[in-house]
Amino acid sequence: MAFPIDHTFVDLTKLNLPNKPHLGHVTNMSPFRPNLLPIFPRALRTSTRLLSSLGSNRVVDPNGSVLIETTTSPSPSPDVTGGVQDVYGEDAATEDMPITPWSLSVASGYTLLRDPHHNKGLAFSQRERDAHYLRGLLPPTVISQDLQVKKMMHTLRHYQVPLQRYMAMMDLQETNERLFYKLLIDHVEELLPVVYTPTVGEACQKYGSIFLRPQGLFISLKEKGKILEVLRNWPEKNIQVIVVTDGERILGLGDLGCQGMGIPVGKLSLYTALGGVRPSACLPVTIDVGTNNEKLLNDEFYIGLRQRRATGEEYSELMHEFMTAVKQNYGEKVVIQFEDFANHNAFDLLAKYGTTHLVFNDDIQGTASVVLAGLLGALRFVGGSLANHRFLFLGAGEAGTGIAELIALEISKKSQIPLEEARKNIWLVDSKGLIVSSRKESIQHFKKPWAHDHKPIKDLVDAVKAIKPTVLIGTSGVGQTFTQDVVETMAELNEKPIILSLSNPTSQSECTAEQAYKWSKGRAIFASGSPFAPVEYEGKTYVPGQANNAYIFPGFGLGLIMSGTIRVHDDMLLAASEALAEQLMEEHYEKGMIFPPFRNIRKISARIAARVAAKAYELGLATRLPQPKELEKCAESSMYSPSYHSYR
Ligand SMILES: O=C([O-])CC(=O)C(=O)O
Ligand SMILES: [Mg+2]
């Protein structure tokens, strides 16, 4: 290798590079000298990586002298895991693998302390404090990351109000990213309800008042015509997953407009903590087309556009510009996860972009996959097959019809009967009552497949009596709709009624865990979308499962990324469900759970990722070739590690 050490910056525009240099290729440009690639002698490893991302293994100046030349080939190296270049060395961090702390330039001193990607707070060693101009900027003590975790947990547990915990965690994410993820990974069961459902729901409702620093990318109607530019303002270039919302149906809380940003931010924290996708590869996006929420429009602290929602062409043009810009800027292999769109847009967007982009709707497909997994898991212990069951849903929106369709697909595949036949054991109730064939003309298109022959029924309890379901699933977004009467009727009809209250957050749950166990006299197999604490009933402890798409999307997305998949296929959802279901053990089921505990989630996600990737290869949709031999190991080894690096 030939490395000049007397150059500190190279002007990219003047170099003889095979690919035209573009800011998008280079992650550590000086903001003041945008064409200058810093070449520091101590940072050669990073510089050579940048070279390879520019498609070159040498830098030649205008006179033809070689400035940098590497012996390695320009593209793929052992640093390529999870499908893209590990520019920041985020994978497999170890204390003994020194790296250079890059940001826009080499970060040091005060800037290093304020750089969330590299800050270690009191964990900077004495040597690092000397080498990086930190002396005096920190109190004298040096502590380990483990002690920092202990201290932070101690602080969090002292907060009585969940929103205070949420704010403390968001503050940590913005000041010390690795510590944030270490906390979340090591204490996943305790902290999931803090950074995610249910607390994130309250945070979105109050987002304007608690807003300190912006997180994610805000794309409003004002950015029309400039979305590509907006994407380029984001500091990271190697994006693998985007979670996008337009805020119209945030959990079961309705239209929260621009304040829905808490959702993509929270979902992407889980992509990293639960699925091991690098934080720098995750991009939260909120599309702001206004809100119809009067309370927010009149709230002086509201952060979004103060207008009613744009609809029709104005809406679809903005979405289309966004979708096009994403593909143009990040290519075809970026996962775009639609989250918390209202029904009408959710189904249309999925259908429209499903054939041109790598899109996944978490509320339709993720929720479906997790619920199917719970049912398959339970059946492993009770015996029988899905085809022997009768399903009744309260709620016929994204989650309801998405789950119904995936159950029908699984039945159809396993029993080799036509899909239409498989749908016949599945019934849905919406706000107007049971969906029956006489209503077919007046209902939305996504409800039509479920309009079976039956006389109209208005009330849920009457529908339960008439249909006699073995499984009752709530996806209505309305709390307390599984009344005592409904649960008692389910318990009269079934020895072990399966009751799933999926609406979020806790306030919207169709019934609580305690109600389900009490009213069924301890016989219900119960799970809910939001977490409930274990319940004591007549001397026995029941542990309700959390049927939340958080079990699926992080591993599902990882599977897509690691295989370089370009389209989502329903068979991948079935593969994910099966991978999750087989990890339910008898000991879990005996306690009443139909999902394995979240504390093993990284292992669970790796298994899901492997199964999804395998299906992608089988379907010919994967582009990362050759196919890695051991996909599960490959998934595990490509996961982000939150341990601190040592800085040279
Ligand atoms: O965010 C959650 O907890 C699950 C979900 O997607 C929703 O309720 O919309
Ligand atoms: Mg959602």
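The structure is a predicted model, in which local features need pLDDT of at least 70 and side-chain atom pairs count only at pLDDT 80 or more, while totals for chains, interfaces and linings use all residues. Residues are numbered from 1 along each chain as its sequence is written, chains are lettered from A and ligands numbered from 1 in the order in which they are written, and side-chain values use heavy atoms, with hydrogens and water left out.

**Exercise 1. Describe the peptide bonds from Thr197 to Pro198 and from Asn504 to Pro505, and place each proline in the chain.**

Step 1. The bond from Thr197 to Pro198 is cis, with omega near 10 degrees. Pro198 has its place in the loop between helix 7 (188-195) and helix 8 (199-205), where helices (H or I, at least four residues) and strands (E, at least two) are DSSP runs, numbered from the N terminus.

Step 2. The bond from Asn504 to Pro505 is also cis, with omega near -10 degrees, and Pro505 is found in the loop between strand 16 (498-501) and helix 20 (513-519).

**Exercise 2. Work out how helix 15 packs with helix 22.**

Step 1. Two packed helices are described by the angle between their axes and the distance between the axes. Axes are lines fitted to C-alpha atoms, for helices over the stretch in contact, and angles run from 0 to 180 degrees between N-to-C directions.

Step 2. Helix 15 (residues 362-382) and helix 22 (residues 570-581) pack at an angle of about 40 degrees, with their axes 8 Å apart. The two helices are therefore oblique to each other, given that angles under 35 degrees count as roughly parallel, over 145 as roughly antiparallel, 65 to 115 as roughly perpendicular and the rest as oblique.

Step 3. In contact (heavy atoms within 4.5 Å), the residues of helix 15 include Gln365, Leu372 and Arg380, and those of helix 22 include Asp570, Leu573 and Ala581. The residues of this contact divide into nine nonpolar, four polar and three charged, where Ala, Val, Leu, Ile, Met, Phe, Trp, Tyr, Cys and Pro count as nonpolar, Asp, Glu, Lys and Arg as charged, and the others, Gly among them, as polar.

**Exercise 3. How are helix 18 and helix 19 arranged?**

Step 1. The axes of helix 18 (residues 460-467) and helix 19 (residues 484-493) come within 9 Å and cross at roughly 10 degrees. That makes helix 18 roughly parallel to helix 19.

Step 2. Leu460, Val461, Val464 and Lys465 in helix 18 meet Asp485, Val486, Thr489, Met490 and Leu493 in helix 19. By class, this contact has six nonpolar, one polar and two charged residues.
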